[in-house]
Amino acid sequence: MATVPAGRDKYRSFLDDESDNVQWRHGGPPTYDVVNQLFEQGRTKGWEKGSLEEIVQNAIKTWEMELSHNVRLQDFKSINHEKFNLIVNGREGLKGEEALKMGSYNALLKNSLPKEFQYYKADEESFEWSHEAFRSAFPRGFAWEVIHVYSGPPLISFKFRHWGIFEGPFKGHAPTGEKVEFYGIATVKVDEGLKVEEVEVYYDPAQLFGGLLKGAPISISSSPTHHASACPFHSPS
């Protein structure tokens, strides 16, 4: 079996392209060693190398890495810059620059419920704080895997699983030490060069927040404050 050179990420392409003038959000390429370990320990599927499932899984990890860590849309290699559109739970789509400005968490957690019923107000959270909040809750990262692929290119459809261990505070709630996970369905439309044109995701946010809000209330001063730090969808996925 082929081995991955030291320092290279075996799940995310483009991460180690040193020849490219990529502007990274935290000054350099991210390290996914911790969340990769969580993924390998907790995944429920082991896809054969080169299979459609593995290709889709790694492609989504790569796109999420770019969305979380690239500063400029022009540095994204996984998407069609002109056509890209992100649709979550039937909401109005987000173009590339909009999704990049919001960040992966805010883009995926934004909803149209009245403010009093929103347990997470994406419109009020900065890119940096949203990532810090989930990095605090999931110190080992927020892992992601493909459960099943229903169709291949150009319109890829699949089921996925997202999980982490709730070991740090989250927005005034103490950690429980339990696994928090949710499942979803997504479609990805790609062009002839396999660049992503559209991502459409459907999932139930209550699966995620049900686990996070189980923690006992704590002083708000014990929760992460609004500041940027080195980043792991991700907490990395």
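This is a predicted model: local features need pLDDT of at least 70, side-chain atom pairs count only at pLDDT 80 or more; totals for chains, interfaces and linings use all residues.
Hi everyone, thanks for coming. The protein chain averages a pLDDT of 88, and 87% of the residues score at least 70. One is residues 1–6, with one contact beyond four places in sequence. The other is residues 222–237, and there the model has 64 contacts beyond four places in sequence. Please keep those two stretches in mind if you set anything up from these coordinates.

Now the overall picture. The protein chain has six helices and six strands, and along the sequence they follow the pattern α-α-β-β-α-α-α-β-β-β-β-α. Of the 237 residues, 50% are buried. The accessible surface comes to about 11,600 Å², with 53% of that belonging to carbon and sulfur atoms.

Let's turn to the sheet. In what order do the six strands of the open sheet lie? The order is E2-E1-E6-E5-E4-E3, and the pairing is mixed. Strands E2 (94–95) and E3 (143–151) each have a single partner strand, so one side of each is left without a neighbour in the sheet.

E3 and E4 run antiparallel and are joined by seven bridges. They form a hairpin, with three residues between them. In this pairing, tryptophan 144 stands opposite histidine 162 in E4.

Further along the sheet, E1 and strand E6 (residues 196–203) run parallel, joined by four bridges. Leucine 86 stands opposite valine 199 in E6. Is isoleucine 87 buried or exposed? It counts as buried, because its relative accessibility is 13% and the cut-off for buried is under 20%. Beyond its sequence neighbours within four places, isoleucine 87 contacts Gly93, Glu198, Val199, Glu200 and Val201.

On to the helices. Helix H1 (residues 33–42) lies across E3 and strand E4 (155–165), at about 105° to E4. H2 packs on the sheet too, touching E1, E3, E4 and strand E5 (179–190), and its direction makes about 130° with that of E3.

Asparagine 70 sits in the loop between helix H2 (52–69) and strand E1 (85–88). This asparagine is buried, with a relative accessible area of 1%. Which residues does asparagine 70 contact, leaving aside neighbours within four places in sequence? They are Val22, Gln23, Trp24, Arg25, Met65, Asp75, Phe76 and Leu100.

In soluble globular proteins, nonpolar side chains tend to be buried together. Here the largest nonpolar core has 46 residues, and among those with the most contacts inside it are Leu86, Phe138, Phe158 and Phe170. E5 gives the most to this core, with five residues. Not counting residues up to four places away in sequence, phenylalanine 170 touches Tyr120, Ala133, Phe134, Ala137, Phe209 and Leu212. There is also a second, separate core of 11 residues, including Tyr32, Phe39, Ala143 and Trp163.

That's my tour, and I'm happy to go back to any part of it.

Conventions
Residues are numbered from 1 along each chain as its sequence is written. Side-chain values use heavy atoms; hydrogens and water are left out. pLDDT is the predictor's confidence in each residue, from 0 to 100. Contact means heavy atoms within 4.5 Å. Helices (H or I, at least four residues) and strands (E, at least two) are DSSP runs, numbered from the N terminus. Buried means under 20% relative accessible area, exposed over 50%, partly exposed in between (1.4 Å probe, protein chains only). Accessible areas come from the Shrake-Rupley method with a 1.4 Å probe; for residues, only the protein chains shown count as cover. Two strands pair if DSSP finds at least two bridges between them. Axes are lines fitted to C-alpha atoms, for helices over the stretch in contact, and angles run from 0 to 180 degrees between N-to-C directions. A nonpolar core is a set of buried Ala, Val, Leu, Ile, Met, Phe, Trp, Tyr and Cys residues joined through side-chain atoms within 4.5 Å.
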